[in-house]
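Morning, everyone. I have one structure to walk through today, and I'll keep it short.

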Amino acid sequence: MSNPFPGVDPYIEAQGLWPDFHSTFLNYLREAIGDGLPSDYEARLDERVKLVDIEAGGETRLRPDVAIVRGEPGRSSGVATLLEPETIPTVIFDEDRELYLKILRRPDRQLVTVIELLSPSNKAGLDQYDYLARRNALLRQEVHLVELDLLIGGHRLPMKRPLPRGDFYAIVARAGRRPNCEVYAWGVEDRLPAVPIPLRTPDPDVIIGLCDVYATVYERGRYARSIQREVVLDVPLEAERRAWAEARGRGESGRQGDAPE
């Protein structure tokens with residue numbers, strides 16, 4: 001089954017499919033960018049690894065893996081007496097891996113552009129502050145930054161003026177034009193736009209049709225098989241637009257399936 005929406009399918013966000021979608025999208029986006037890059041550029045996937053403390057759900061007992069030899073008090077057995085150990089559970093960390101794209105220029109493989117696909121964790125809680133700190137560090141360098149926000153929920157990226165009306169955004173912050181940046185906004189009723197991926201001057205931008213990339217990802221990821229259309233669409237849309245999205249997801253035709261104005 002193909003994507004029933006003209007652009008972003010909000011059920012991917014609502015039904016826990018985002019981690020898989022995130023990595024799949026970046027893989028196919030790299031392919032699309034690579035096809036348009038000059039020969040002295042390359043697009044590479046990279047990842048950040050963060051250690052996250054996970055709860056085991058209760059106290060964990062650990063057994064020592066060495067034999068304990070005890071001597072009688074006041075007597076020497078010829079073997080050193082070991083102290084009675086105290087059993088303390090260790091902290092087990094999980095690895096939270098976050099993929100992003102970078103464009104490098106040969107021969108020195110200089111970093112030119114970073115492309116971020118925002119995750120739910122980038123838009124809420126303490127992880128949002130981590131992301132904004134990394135973002136701020138990039139914006140202070142001579143590096144282009146492209147941010148794709150294909151999520152309806154969560155906090156929007158901080159800007160000096162309100163963002164235009166939309167459900168999804170692409171923000172292109174060129175190194176030579178900051179603090180100004182280019183903002184592309186569209187709704188759940190719309191097709192995804194084409195966006196520029198900036199390179200080093202005087203090389204022209206690589207123009208990427210996000211709609212084509214999204215369609216490929218949706219088909220190859222086979223997300224339609226996993227999505228349950230009969231449940232409420234749990235994303236922060238206005239009631240009328242949620243009703244339209246639910247009807248569209250179920251493939252209903254007629255006025256109920258038309259996009260609300």
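Start with a helix contact. In α2, the residues involved are Phe21, Thr24, Phe25, Tyr28, Leu29 and Ala32. They meet Leu210, Val213, Tyr214, Thr216, Val217 and Arg220 in α4. By class, this contact of α2 with α4 has 9 nonpolar residues, 2 polar and 1 charged. Keep in mind that this is a predicted model.

Now the geometry. Two packed helices are described by the angle between their axes and the distance between the axes. Here, α2 covers residues 18-36 and α4 covers residues 210-221. They pack at an angle of about 130°, and their axes are 9 Å apart. Angles over 145 degrees would count as roughly antiparallel, and 65 to 115 as roughly perpendicular. So α2 and α4 are oblique to each other. The crossing of α2 past α4 is right-handed.

On to the strands. Look at β5, residues 168-173. How many of its residues are buried? The count is 6 of 6, so to speak a mostly covered strand. Both faces of β5 are covered. On one side sit Phe168, Ala170 and Val172, and on the other Tyr169, Ile171 and Ala173, all buried.

What does β5 pair with? One partner is β4, residues 144-149, in the antiparallel sense over 5 bridges. Within that pairing, leucine 148 has alanine 170 of β5 as its bridge partner. Another partner is β6, residues 182-186. That pairing is also antiparallel, over 5 bridges. There, valine 172 is bridged to glutamate 182 in β6.

That's the tour. Questions, please.

How values were computed:
Residues numbered from 1 in each chain as written. Predicted model: local features only at pLDDT ≥ 70, side-chain atom pairs only at ≥ 80, totals over all residues. Heavy atoms only, no water. Axes fitted to C-alpha atoms, helices over the stretch in contact; angles between N-to-C directions. Helix = DSSP H or I, 4+ residues; strand = E, 2+ residues; numbered from the N terminus. Parallel < 35°, antiparallel > 145°, perpendicular 65-115°, else oblique. Left-handed = near helix turned anticlockwise from the far one by under 90°. Contact = heavy atoms within 4.5 Å. Nonpolar A, V, L, I, M, F, W, Y, C, P; charged D, E, K, R; others polar. Buried < 20%, exposed > 50% of the residue type's maximum accessible area, 1.4 Å probe, protein only. Pairing = 2+ DSSP bridges.
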